[in-house]
Amino acid sequence: MFSEKKKSSGAKEFSNEQNKIAAGTKITGDITAKGAFRIEGFLKGTLVTTGKVVISKNGNIEGTLECENADIEGSFKGKLKVSGILSLKSTATVDGEVMAGKLAVEPGANFNATCQMRGAMKSVKNEKQSA
C-alpha cells in the first residue's frame, strides 16, 4: 500500500521537471519528453512534450512543436500544436501553421501564421450549417 503512493508521487515529480536548452546551444533533431522545456538556444527539428514550453527572448525553434501550453518571447517557424494556451509576448515572432486551444497575443508580437482554434472551429461549422 505504501509503495503504491511512492510510485505515483515519483511520476508527478518527473512530469514537473524542467529541461533547458541553454543560450549558445544549437540542437538538430527530434526530442520527445514529459517535462517542461525552456528554449534559450536554437532547436531545428521536432519537440513533443506533455508539459509547457517557454521560448525565451533569444530562443528559436524551426520545425514542429507539440505541447500542452506555450509562452513565446523569441522566434518560432514551422508547425505549432498547443492543446492548451498559446501565449505570444510582445517580442515574439511566429511564422507557419498554428493550432491552439486558446490564444493570447500581446501588442507588438509578429504573428504570420494560419491559425486554427479547436473550440471556435466547431461553432463556426455549426453556424454555417444552420444558416
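**Fold and salt bridges of the predicted model**

From the N terminus on, the elements run α-β-β-β-β-β-β-β-β-β-β-α, giving 2 helices and 10 strands (DSSP runs numbered from the N terminus, with H or I over at least four residues for helices and E over at least two for strands). This is a predicted model, in which local features need pLDDT of at least 70 and side-chain atom pairs count only at pLDDT 80 or more, while totals for chains, interfaces and linings use all residues. Residues are numbered from 1 along each chain as its sequence is written, and side-chain values use heavy atoms, leaving out hydrogens and water.

Of the 131 residues, 29% count as buried (under 20% relative accessible area; exposed means over 50% and partly exposed in between, with a 1.4 Å probe and protein chains only).

The structure holds 3 salt bridges (a side-chain nitrogen of Lys or Arg within 4 Å of a carboxyl oxygen of Asp or Glu). One of them joins Asp71 and Lys52, at 3.0 Å from N to O. Asp71 belongs to strand β7 (residues 69-72) and Lys52 to strand β5 (residues 52-55), so this pair ties together parts 19 residues apart in sequence. Asp71 is buried at 18% relative accessibility, whereas Lys52 is partly exposed at 36%.

Salt bridges with shared partners also join Lys20, Arg38 and Glu40 into one network. Lys20 meets Glu40 at 3.6 Å, N to O; Lys20 sits in strand β1 (residues 18-21), and Glu40 in the loop between β3 (36-39) and β4 (42-49), 20 residues apart. Between Arg38 and Glu40, the closest N and O atoms are 2.8 Å apart. Lys20 is exposed at 55% relative accessibility, and Arg38 is partly exposed at 26%.
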